[in-house]
Amino acid sequence: MTNTLCLSLITLITLFISLTPTLIKSDEGIDVFLPISLNLTVLTDPFSISAASHDFGNITDENPGAVLCPSSTTEVARLLRFANGGFSYNKGSTSPASTFKVAARGQGHSLRGQASAPGGVVVNMTCLAMAAKPAAVVISADGTYADVAAGTMWVDVLKAAVDRGVSPVTWTDYLYLSVGGTLSNAGIGGQTFRHGPQISNVHELDVITGKGEMMTCSPKLNPELFYGVLGGLGQFGIITRARIALDHAPTRVKWSRILYSDFSAFKRDQERLISMTNDLGVDFLEGQLMMSNGFVDTSFFPLSDQTRVASLVNDHRIIYVLEVAKYYDRTTLPIIDQVIDTLSRTLGFAPGFMFVQDVPYFDFLNRVRNEEDKLRSLGLWEVPHPWLNIFVPGSRIQDFHDGVINGLLLNQTSTSGVTLFYPTNRNKWNNRMSTMTPDEDVFYVIGLLQSAGGSQNWQELENLNDKVIQFCENSGIKIKEYLMHYTRKEDWVKHFGPKWDDFLRKKIMFDPKRLLSPGQDIFN
């Protein structure tokens, strides 16, 4: 269905629905009406409610009372001001309204209903991005930043930027996520070791607080809100615009996957590469595990080498894949061969198992889209995703590897999905922001991205995740979860540690009635 047709249907639905007040549930479970006088584009049709009730995780199902499809930021502010204590229309009379929950939702790529608002109102941020077109992404005249509507997908930011010869410097692996969504968490990927997460590359934000106040913030203007919102899990405000840092865009990428049978060599080379910041260093670094008890994807490798790669995995049970990339254009072309030659001579990989592709910059950044298309064709995309993402202190990564990878994962009957395993530099993160990381110079990003396709039960995979967490707890490995979903206050207090008191203070300051992002389950 085209965007034009979708917008036309939304308009027709809205015109029909706007004839009567919309019923939602208050925090106390009583009926609250959104009056027509609020002039909000509110949807309550079954399709809109169903779409907002579940997410990529496909584990939770929480119906909102309504979905706001705003045509302007003022609609969002109006909704939040009303939620703070407007008036409900009941049997022809007005009375003070009870508060109700509100959650912003971009592409719905959360895992455990973090963008849900049971009985309340979900704000569809993609509507704001569509309403802003063609100005959803505005590149500055000097090409140093882009002003982006928060509901815009990163792939659309990339398209607009590269047309001007510029690009954001750090990315998530998957580009079909909203800007506001990743900035509310951190936004991590293979460039994080060099440029930091996406939240470290933002100059300015427009935010609507939980009180319905529209505020612009930056490191110098309303800094408490700025640093709180970045990585703040949607607790203090809804991001509506972000000013993203840009730099010169390369045109092509030398993309390598290098195979190791020895974990110590794999670890040593990864940590050495992220310490190199000169022109001969790599621009992207990640790592994956290929295990004999899982599906061994050899599609990256030349057809003539795929059997050899599969045999290597079977022989060793586990192979460590170092994935690196070097960006270039005509001006930097002379050093590319030197970088590849240095990698081939100095890294301790399995001899004969270094593979290099040369691809356009856009295709490299958009590489996961091909994997999505494959999974969709097999009916394995819209399945439960009980993913576990954690940050592990570099000093304990050997213990984690021995206990979790060798002790738990390899002893499973089978594994599914992808296991990410790569280090990054903590000095690229700003500690004033809300996101938590281990308190060490180097920590590892571990992603157990398993999918419950076919006959596999997602709860079995969830039990494995629990065992991983319990092993770390018992071993004294002070991990930090990413994209987490705790259900007990003490777990949130432990997660934020020394930042908890400040996090709570900002909640009281910017969302005193605790209306925002109830699906995170921090203050419920």
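I started with the aromatic residues and found one cluster made of Trp-255, Phe-284, Phe-300, Phe-301, Tyr-327, Phe-353, Phe-355, Tyr-361 and Phe-364. For pairing I took rings of Phe, Tyr and Trp (its six-membered ring) with centres within 6.5 Å, calling planes under 30 degrees apart stacked, over 60 edge-to-face and the rest tilted.

A note on the source: this is a predicted model, where local features need pLDDT of at least 70, side-chain atom pairs count only at pLDDT 80 or more, and totals for chains, interfaces and linings use all residues. Residues are numbered from 1 along each chain as its sequence is written, and side-chain values use heavy atoms, with hydrogens and water left out.

Next I searched the whole structure and got 35 aromatic pairs. I looked up Tyr-174 and Trp-381, a tilted pair at 5.9 Å centre to centre with 45° between the planes. The two sit 207 residues apart, Tyr-174 in the loop between strand 11 (166-167) and helix 6 (179-183), Trp-381 in the loop between helix 13 (367-377) and strand 20 (388-393). Helices (H or I, at least four residues) and strands (E, at least two) are DSSP runs, numbered from the N terminus.

Are these two buried or exposed? Tyr-174 is buried at 12% relative accessible area, and Trp-381 is buried at 12% too. My cut-offs were buried under 20%, exposed over 50% and partly exposed in between (1.4 Å probe, protein chains only).

Then I went to the whole protein, which has 17 helices and 23 strands. Buried residues make up 56% of its 524 residues. Its C-alpha trace spans about 80 × 50 × 45 Å along the principal axes.
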